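Reader: I have not looked at this one before. Can you take me through it?

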Amino acid sequence: MGIKSLNYQYLSKRFVVMPFFLVLVLCFFVYLFNDVCNTMREEATHIHSINHLLTQTATSQNQTLIAAQVKYLSNTNPQIESINFFPVSSAQEQLTNKKLDLPTMFFGKYYGLSEAVILQMPNIVTDDEPVKPTQLVGYVNTTLNLTVIRSQWFKRNLPMFVMMIIVSLLTLIVMLLFLKKATKRLPVLEKLSQKILHDEEVVQKDYHLPNDKQAVWLYEKALFHLLDKQKNQHNQLAQLNREICLLKDESFKQIEQHSIFQNSLSHEFKLSLNHIEVGIKLLKNQYISNEQQDAIEMIDTGMDDLNAKLSQLIRLNRIDKGQTTVELCQFNPGHLLHSIVEKSQLLAQQKQLSLELKTYHADYVLEGDAKKIDTIVSSLIENAIKFTEYGSVTVVSQLEHLKKNIRWTIVVEDTGIGIDKQNFTNIFHPFFQINPNTPRTVKNTTVGLFLVKKLVHLLNGDIEVASTPNQGSKFTLQFLLKDWDSRQEQTLLKDKHFVVWCKDTALLSQTQHLINSGARIQGFYDSQLLLNYLKNNSVDMLIIMYHIPKEDVMRLVTSLRKQETDFRTLIAYYYLPKHLNAIYAEALKTAGVDYLEDASVQNVGLDKHIKRLMRYLA
């Protein structure tokens with residue numbers, strides 16, 4: 001909705017001119033209605049009197065007198081259209097005059113009035129009383145010309161109308177002059193308001209108050225008060241911004257120094273632990289007594305514990321800094337848990353515990369960060385074995401199909417020492433121990449519960465704990481993952497042949513999602529072998545990874561396009577912007593590269609990537 005401008009034209013039109021003319025027109029029509037009605041009624045009454053006199057004269061049988069009266073009345077009263085006498089028989093009924101109504105007054109042309117002419121007869125005596133009989137002789141009818149009456153009324157009132165118009169116009173002009181004087185500051189105020197609405201900087205010098213303090217409007221004073229307040233707030237905000245910038249710089253320097261200190265300290269700790277480990281290994285090769293052997297074992301156990309805690313601190317620091325990302329891949333949840341349980345069987349056997357996996361679902365292929373899930377579940381199993389002296393550790397896996405995802409629930413339950421309800425939150429604090437004197441019969445090979453919770457939240461999962469002291473504990477994990485088997489993308493690249501040119505096996509392994517989509521992948525490290533293969537085989541797309549020098553890409557593409565005949569291979573080059581400028585990018589396209597993909601773009605969804613490849617191959 002637009003904002004109306006409160007200027008002089010708007011105010012004069014809306015609050016002065018239009019109301020003034022509405023009142024003027026209303027008064028005119030009220031006066032017109034009343035005066036015309038009164039004039040018409042007065043004329044009708046006057047004609048009625050004339051008719052009555054004419055009827056009195058008509059009984060005198062003096063035709064000359066009657067004619068003279070009629071002529072005189074017609075000449076002196078132009079509104080009289082005609083005067084007629086209608087003789088009637090004695091048996092005819094008496095006529096009645098029609099009422100002068102409003103439509104006739106304002107729009108009628110003629111109006112007639114009739115008066116009966118009655119002849120008085122000599123007295124007749126009957127019985128005891130004398131009777132004076134009368135006889136209806138005829139009717140005198142006078143017709144008024146209403147148009148003439150209205151014209152006379154208009155001529156009579158015209159001077160007054162002209163005077164009213166002149167007075168009204170003068171009054172309107174005076175009112176507009178006063179209004180213009182009163183609103184002359186509105187345009188400047190409007191510009192000031194526009195600046196305020198557009199969040200532009202406004203200073204008091206943009207508007208000056210009048211010298212006459214009594215002429216200052218209330219909202220002008222309020223506006224100046226707000227401007228003063230805004231100025232003070234602006235100064236305070238600027239001061240706060242300067243202080244925040246200083247605090248940010250100092251905080252950044254402190255964080256940077258703290259990070260450098262942490263890295264240096266971790267490096268020194270690692271170096272010291274390596275020295276201790278080398279010393280212990282040297283001592284183990286010497287002939288030592290049993291007491292010395294026990295001491296070395298204690299040192300070795302403490303060193304392993306310290307090394308594990310240091311590794312956990314490093315991982316925690318990376319998660320807090322956002323340096324740990326989610327790496328999606330396709331995996332079978334049953335196979336993943338089976339491999340985790342198999343790795344932990346040795347630990348369980350050392351304490352003569354039963355470690356069992358219960359899977360309540362068929363084989364599926366899910367999409368998620370399998371490495372981090374492996375770390376989380378392995379840590380929970382190791383923690384359960386660590387605090388269980390007898391009994392069993394059970395791992396349960398369940399899948400629940402939702403509308404778009406699958407909820408994967410993993411339960412790790414043991415028959416260990418249990419946890420008090422008051423410590424359910426504390427166990428996720430760094431290095432918290434319910435009983436610090438608990439003997440360490442198992443070496444730390446995974447992460448603590450505080451890191452487990454961090455990793456679970458990083459994967460947008462949830463972890464819950466339920467436990468009863470001296471009966472056991474149960475940790476429940478829940479993850480929302482995508483069901484790869486039910487997705488259409490697994491057949492999008494069916495029967496398509498891809499060749500990947502790279503110099504790193506790790507990069508080649510990242511094309512696993514293309515294989516899961518039905519594509520056939522062939523990897524090459526040598527450019528000459530690649531060129532020979534492309535010459536002898538039909539390949540749908542050649543993918544060149546970003547670490548291949550652009551000069552080598554240019555040479556291979558040029559040679560490939562020269563040797564192609566019937567079948568043309570699409571070429572996609574994943575590049576780093578810092579290594580490829582716009583000019584060379586155009587040169588590669590001219591040489592035959594079909595698609596240039598920015599390899600620096602992070603978090604590109606797998607669905608979009610596969611659909612883009614399908615669009616390329618369409």
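**Surface and fold**

Author: The protein exposes about 39200 Å², and carbon and sulfur atoms supply 56% of that area. Keep in mind that this is a predicted model.

Reader: ok, and what share of the residues count as buried?

Author: Of the 618 residues of the protein, 36% count as buried.

Reader: How many helices and strands are there?

Author: The protein has 16 helices and 17 strands.

Reader: What about contacts, how much comes from residues 24 or more positions apart?

Author: Among contacts with a separation of 6 or more, such residues account for 73%.

Reader: Where is Leu 177 found?

Author: Leu 177 lies in helix 4, which covers residues 146–182.

Reader: And is Leu 177 buried or exposed?

Author: Leu 177 is exposed, because its relative accessible area is 56% and the cut-off for exposed is over 50%.

Reader: Different topic. How many disulfides?

Author: The count comes to zero disulfides, going by cysteine sulfur atoms within 2.5 Å.

Reader: What do Cys 245 and Cys 329 count as, in terms of accessibility?

Author: Cys 245 counts as partly exposed, at 44% relative accessibility. Cys 329 also counts as partly exposed, with a value of 29%.

Reader: Why not buried, for Cys 329?

Author: Because buried means under 20% relative accessible area, and Cys 329 has 29%.

Technical notes
Residues numbered from 1 in each chain as written. Predicted model: local features only at pLDDT ≥ 70, side-chain atom pairs only at ≥ 80, totals over all residues. Heavy atoms only, no water. Helix = DSSP H or I, 4+ residues; strand = E, 2+ residues; numbered from the N terminus. Buried < 20%, exposed > 50% of the residue type's maximum accessible area, 1.4 Å probe, protein only. Contact = heavy atoms within 4.5 Å. Areas by Shrake-Rupley, 256 points an atom, 1.4 Å probe, with all protein chains shown as cover.
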